Amino acid sequence: MFSIIPSYYPISTPAIKLPITPISHRSKDSTRNCSNCFTTETCQWRNVRSGKRIMCNACYCTHCISIDYSSSNGLTLAILFFTAMSSAFPLLRLPENVSKLVIQCMENIEIVGFSLVSDKTKEMVRSLHLDMEQIDLMIGDVIEIKFGQNEDNPSTMIWTFYPKEGDTGTKPIPVYMPARVTAMRDLATQHNLVEYKNPGLSIQGWIDHMLYIFSSSEIANLSFSDETCNFDWTSLKDAVGKFKIHTLFFYDLCSLECAQMALRHFSSIKSVIALCSSFNDPSQYSNILIQNLDSLMLLDADVPSKIGLDNLLLMNSKDLCIESSTLTKKIVNQFFKHFIRGSNPRLEVARFVLIDDQVVDNEMILKGLRSQEAQMDLLEEENEEVQEYDIFRKDGTRGRILIEQTD
């Protein structure tokens, strides 16, 4: 028996689990064929232990994979391969196309673990061109990398990087060298939890590795959820500042002070989303409203935000999404009257969400404005609950407005 296990994994002896393969529905009188793919030609026929399920060499190599997570000294990844005679053969000596088929049978957590074995396995995983829906970097008590948005998506996984004991002294702390790394399918159930000893990669090295093997060019969100940042800002910028990051995302308990510091140290990021009660008073963050952002999204949290006309007129972003209990049809109408006269010169798209059972009255919102119903792109999915209009300035400049009624 031979296991491909990096030296930094905890060693364990997983139980052998033979795969269940489809039983051929051909007649007993047919010529020899593979019980899985039904081919009649192969370089070598393989007999499963029952002696009845004959498989071609390619199917046998692909399906004889056992992943075990039940070791006593912590959950461990092991990839095992067996021949009919229980002799061992290494995965990397298989033909490349067969090796790739084996890798594609793994879950993404196992694929990342496999990519850490060597430069060859790293390149092999990258060559699969696996598509990751989204990659987020989450800053809390520890640093985490999350893949995917929907927890039901099989590609979703969360990687957490822990410091060694003694590295979490007086805050703020520098970004540490991870001593322990865990991966799981989701935080709620800790499904498929795997634990690794760090193979010597820094936080920056882990992010580099993840982006490389999944052929990703950017991090979607750099997220902050705690009242204060646990890490020294200069150290954090040195660790992750070299990567292309699309959005700063502030949520849960994130304080306004923490958000201001993040914007100061990551000034190249031109998209901001705020979903936390610390943003309820816009007069406290006028400096954020006036920034030349590509996108600004302010959403109502537990404490409703108090956004008024004066706050809207300060906003200098290209794309706005505003949700506030203080927004009214009259304020929206007044805002766009200012817009056609020249306010908010960078504005291209505005999305206002009217809540607290306000009924969308298009006539009231568009009163006194030169407007027309927006033409939908053929590829766009029409949503009857969202009203879209083009508003024109006196110089002919157009802005797209989306007005949505929520429950």
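Leaving aside neighbours within four places in sequence, Phe-250 is in contact (heavy atoms within 4.5 Å) with Phe-224, Ala-259, Ala-262, Leu-263, Val-272, Ile-273, Ala-274, Leu-275, Cys-276 and Phe-279. This is a predicted model: local features need pLDDT of at least 70, side-chain atom pairs count only at pLDDT 80 or more, and totals for chains, interfaces and linings use all residues. Residues are numbered from 1 along each chain as its sequence is written, and side-chain values use heavy atoms, with hydrogens and water left out.

The largest nonpolar core has 94 residues. Phe-250 is among those with the most contacts inside it, along with Trp-159, Phe-224, Phe-279 and Leu-298. Apart from this core lies another, of six residues, including Met-138, Ile-158, Phe-249 and Tyr-251. A nonpolar core is a set of buried Ala, Val, Leu, Ile, Met, Phe, Trp, Tyr and Cys residues joined through side-chain atoms within 4.5 Å. Buried means under 20% relative accessible area, exposed over 50%, partly exposed in between (1.4 Å probe, protein chains only).

Now the strands. Helices (H or I, at least four residues) and strands (E, at least two) are DSSP runs, numbered from the N terminus. Strand E11 covers residues 245-252. Six of its eight residues are buried, so E11 is largely enclosed by the rest of the structure. Strand E10 (residues 219-224) pairs with E11 in the parallel sense, over five bridges; pairing takes at least two DSSP bridges between two strands. Ile-219 has Ile-245 in E11 as its bridge partner.

Next, Ser-324. This residue sits in strand E14 (residues 319-324). Ser-324 counts as buried because its relative accessibility is 0%. Its side chain reaches the backbone oxygen of Ser-305 at 2.9 Å. Beyond its neighbours within four places in sequence, Ser-324 is in contact with Asp-300, Ser-305, Lys-306, Ile-307, Val-353 and Ile-355.

Helix H10 spans residues 329-340. Its 12 residues reach 17 Å from first C-alpha to last, close to the 16 Å expected at 1.5 Å a residue; the expected span is 1.5 Å times one less than the number of residues. The buried residues of H10 are Ile-331, Val-332, Asn-333, Phe-335, Phe-336, Phe-339 and Ile-340. Just after H10, Gly-342 takes a positive phi of about 125°.

Finally, the whole chain. Its secondary structure comes to 11 helices and 18 strands. Buried residues make up 49% of the 407 residues. Among contacts between residues at least 6 apart in sequence, 60% join residues at least 24 apart.

Definitions and conventions:
Polar contact = N/O pair within 3.5 Å; in protein donor to acceptor, adjacent residues only side chain to side chain.
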